[in-house]
Structures are given as structure tokens and as C-alpha cells.
Amino acid sequence: MDLSADLAFARSLADTADAISLDRFRAADLHVTEKADHTAVTDADQAVERALRERLAAERPEDVFLGEETTADTGEEAVSAGHRQWVVDPIDGTANYLRGVPVWATLIALAVDGRPVLGVVSAPALGKRWWAAAGLGAHSFDGPLHVSGVAALGDASLSYNSLQQWDDDDRLDALVTLSRRVWRTRAYGDMWSYMMVAEGVLDVAGEPDLKPWDIAALLPIVEEAGGRLTSLDGDPGPWHGSALASNGLVHDAVVEVIRRA
């Protein structure tokens, strides 16, 4: 499978998204509403998803679309609804976006038969972008990506996103136990934690309560950088409601700590 053309197209989609989202970032008239699940959505989220969906309809009409703001079905059936499916989170980190915090990004993935094989994570307010496709390696504006070589859990650096998420998922004890086993913990949050795992500056990142569009673009980047990305329970794929990324060397040890806790 040659994904070179798809990756170039995905990066051009990220250019489209960046132009819209960056223009509305910290705008005084940013419009914010509340969705049915009580999470926020901005006019920028909606505009980015609409623009990407329109481009995909025009330039990849036979492919299927799964997006945060317009797709109701979020289960495994939705992700594998077509042979080729684009999975989009228009702005990952909307809470940061609406508060003016620059840690947010557009996530774009291509799943083939339900398996993400291509991912682009574009964070224009940080001046960063990461991308990968199966067999083509993982890259950023700074060059190729590779995970760390830390092999002992006691030497690992962990990012856990937020205490509230783990507590709401009844996993706070697991996080506390894990924090006592690793060298260092921080909560960098959202997509950035996973990209730092791919860059080799973090060794573990994870969080519960996620949707497929939160995970799909991250998976190829982490894996092509030499790492692993599963659910917190070790299940493969982006449809199990959580994510755990690591350099691969400490992955099984982290899963075992979470399971025991």
C-alpha cells in the first residue's frame, strides 16, 4: 500500500484547517456553545470540520468520513464503515482553544478496513506539526521522529492529561499507583503528550474517556516512531474509549500496573 499521495493530501487538509483555526484563535467574537454531552464547541471547530468534509467529498468522493462535530455513531462499526475512512477531530483541545491556551491541534487520520494507517497532527499556535503513514516513518517540522530508549519503568516520564478524567473513569487509584512507579509525572494534556512520546521526550502518555477521533491520528505517528499505542487495558485500535502510548519498552509494565490497580 503506497500512502504517499494520501499523506500529501492529508497535509494539505491540515493547511486548510490551520488557516481557519488560527484566524479564529483568541478572536473576541469567538462563538461558543454546549453540546449534548456538555462539552464546548466553537464556531472554529465547526468551520474546520465543514471545510475538511467538503474537500474530502470533492477530492475523495468514494471515501467515508467520521468527524467529531457531525457524526453520531462513534463505535467500532462507525470506524470500519468503509474500506477507506477519514477520521477528523477539527480541534483537539477545544477547552484550551476557547481559553486562549495554544495547546490544541487538528487531527486527521485515514483508516483502511478500520485500522489507522496515516495520521497528521497540526498545532499551528505552537508552530508544530507531526505526520506519519504506514511504511513511511514519522516526521515533524524538525525531522524524523523516534521514541526514547528508556527500558525501566522507574526511569520513565509519564503524562496523564488530567486527574478528573481518571477519577471520573474510576481509575484514579491506578494513576496514583503508576505515578509511584515512574520517575516523573506531568499533565501536558491532549495530543501534545502523545506527540512528545513519538519525539522521545516522554516515555508514557495515557488517558481514559476518549473517542475514535481523539486517537486515530495519534496511532500511526506513535507506531511509525517505534512506539506502541493501545487502550489503557492493552487493546489495539482507537475504538476502546481510552489511549495508552509508550516507547514500547515499558508498555506491558504500564498495562500490568493499571490492571493490578
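Which side chain meets that of Glu-223 in a salt bridge? The partner is Arg-115, with an N to O distance of 2.5 Å; this contact is the subject of Figure 1. The model is predicted, so local features need pLDDT of at least 70 and side-chain atom pairs count only at pLDDT 80 or more, while totals for chains, interfaces and linings use all residues. Residues are numbered from 1 along each chain as its sequence is written, and side-chain values use heavy atoms, with hydrogens and water left out.

**Figure 1. Salt bridge between Glu-223 and Arg-115.** A salt bridge is defined as a side-chain nitrogen of Lys or Arg within 4 Å of a carboxyl oxygen of Asp or Glu. Glu-223 belongs to helix α9 (residues 218-224) and Arg-115 to strand β6 (residues 115-123), so the pair ties together parts that are 108 residues apart in sequence. Helices (H or I, at least four residues) and strands (E, at least two) are DSSP runs, numbered from the N terminus. Glu-223 is partly exposed, with a relative accessible area of 30%, and Arg-115 is partly exposed at 32%. Buried denotes under 20% relative accessible area, exposed over 50%, and partly exposed in between (1.4 Å probe, protein chains only).

**Figure 2. Salt bridge between Arg-129 and Asp-18.** The closest N and O atoms of this pair are 2.8 Å apart. Because Arg-129 lies in strand β7 (residues 128-133) and Asp-18 in helix α1 (residues 4-24), the pair ties together parts that are 111 residues apart in sequence. Arg-129 is buried, with a relative accessible area of 6%, and Asp-18 is buried at 13%. The structure holds 13 salt bridges.

Figure 3. An α-helix has 3.6 residues a turn, so residues three or four places apart point the same way. Arg-260 is exposed, with a relative accessible area of 70%, whereas Glu-256 is partly exposed at 33%.

**Figure 4. Helix α6 and its buried residues.** Ala-174, Leu-175 and Leu-178 are the buried residues of α6. They cover an arc of only 95 degrees around the axis, which puts them on the same side of α6; the arc is that of the directions from the helix axis to the C-beta atoms. Exposed residues Asp-173 and Arg-180 are carried on the face of α6 turned away from its buried side. Asp-170 lies in the loop between α5 (163-168) and α6 (172-181) and counts as exposed, at 72% relative accessibility.

Figure 5. Most residues other than glycine have a negative phi. Arg-26 counts as exposed, at 59% relative accessibility.
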